[in-house]
Amino acid sequence: MKLTVKQLAERLGAELVGAGDEIGRQIIAVGPVEAAGEGDVTFITNDRHRAALGKSQAAAAIVANRIDGLSKPQLIVKNVDAALIEVLNYFAPPLKPAVEGIDPSATLGKDVKIAARVSIGPNVVIGDRVEIGESSVIGSGCKIGENSKVGKNCRLDSNVVVYHNCCLGKNVVIQANSTIGSTGFGYSFIEGNHKLIPHNGGVVIEDFVEIGANCCVDRAKFGNTIIGAGTKIDNFVQIAHNVVIGKGCLIAGQVGIAGSCKLGDGVVLAGQVGLADNIEVGDGTMVGAQAGIMNDVPAGQKLAWSPAIDYKEAMRALGNIMRLPKLAEKLKQLARRVEKLEKDED
């Protein structure tokens, strides 16, 4: 797609600052401030990049407030992030759409129900009594186990595995190589051996959930492992059996959530956060990267460190740790002074 600066401003409903030939320049892509070229529109979400914006080669900039002295056109919007999402969609690279219908190489079991406008790619395997909702796309190499349901307008990328008795809501996205409904890691030590506890439950993924690549969501021992509506999960995340995740949560890469944990609505877990089993985390809690949660957490907390503690307390502890080398040097100096004084007394 190609749009002039003026046309782009109109589509965004932005206030346009600029005139003449500048607002007639063609935009063909989006780029960051430092790397944007003459055919790109760029953006800034905070003042940290304002100085670099003046040197940028971009044809125009999306900003939240007018910047005095900036020579290039400005598209002033209420929310730069929202405008950026819209613009990235305008200039997304054109890709061949999924072909409606069932690829000849796909294998379907008995009593499968497939709604209208569904695309089932090459080498897909679908078990008995599976249901796939309208306009869903099942990528190449996927496998869906018996009795599972996939709702309307879902997208399963290549090689996703959905085991038996799982249920995906509407508008669910699961990226390549993720696994839903595998047996959980639950064993009992009996007569000198670790014996697997049967996991007879399922997995329920509610509407508008997005799951990244190479994630694992284990099935429940009984009942369901549940991921609440609107939750977004990054790559390489492990969610164990009987976990219940609330609505609208954000879970970053390499997070590990042990069995039977419960997360409230709007919880944010940064990269590599770990939760011990049977932990409850209250609504709206935010946990910093690599924190380890060992105990229940009330709603609205901000945590960091391992074991996880209040964020401000963690920053004070870190500050004290960073001062330790200087304190150690001072102790050495004091020890030498004391040693000298003792020798002088002798």
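Analyst: Happy to. Let us begin with a definition: two strands pair if DSSP finds at least two bridges between them. Helices (H or I, at least four residues) and strands (E, at least two) are DSSP runs, numbered from the N terminus. This is a predicted model, in which local features need pLDDT of at least 70 and side-chain atom pairs count only at pLDDT 80 or more, while totals for chains, interfaces and linings use all residues. Residues are numbered from 1 along each chain as its sequence is written, and side-chain values use heavy atoms, with hydrogens and water left out.

User: What makes E21 and E26 a pair?

Analyst: Three bridges join E21 to strand E26 (residues 216-218), and the two run parallel. At least two bridges are required, so E21 and E26 count as paired. Ser 182, found in strand E21, stands opposite Asp 218 in E26.

User: What joins E18 to E21?

Analyst: Two bridges link strand E18 (residues 161-162) to strand E21 (residues 179-182), again in parallel. Val 161 has Thr 179 in E21 as its bridge partner.

User: Why is Ser 182 called buried?

Analyst: Its relative accessibility is 13%. Buried means under 20% relative accessible area, exposed over 50%, and partly exposed in between (1.4 Å probe, protein chains only), so Ser 182 counts as buried.

User: Which residues does Ser 182 touch?

Analyst: Leaving aside residues up to four places away in sequence, Ser 182 touches Tyr 163, Val 217, Asp 218 and Arg 219. Contact means heavy atoms within 4.5 Å.

User: How do you know which strands are the edges of the five-stranded sheet?

Analyst: The open sheet has the order E2-E7-E6-E5-E4, with mixed pairing. Strand E2 (15-17) and strand E4 (29-30) are the edge strands: each pairs on one side only. Further in, three bridges join strand E5 (residues 40-43) to strand E6 (residues 60-63), which run parallel. There, Phe 43 has Ile 62 in E6 as its bridge partner.

User: Where does helix H1 lie?

Analyst: Helix H1 (residues 5-12) lies across E2, E5, E6 and strand E7 (74-76), at about 5° to E7. Axes are lines fitted to C-alpha atoms, for helices over the stretch in contact, and angles run from 0 to 180 degrees between N-to-C directions.
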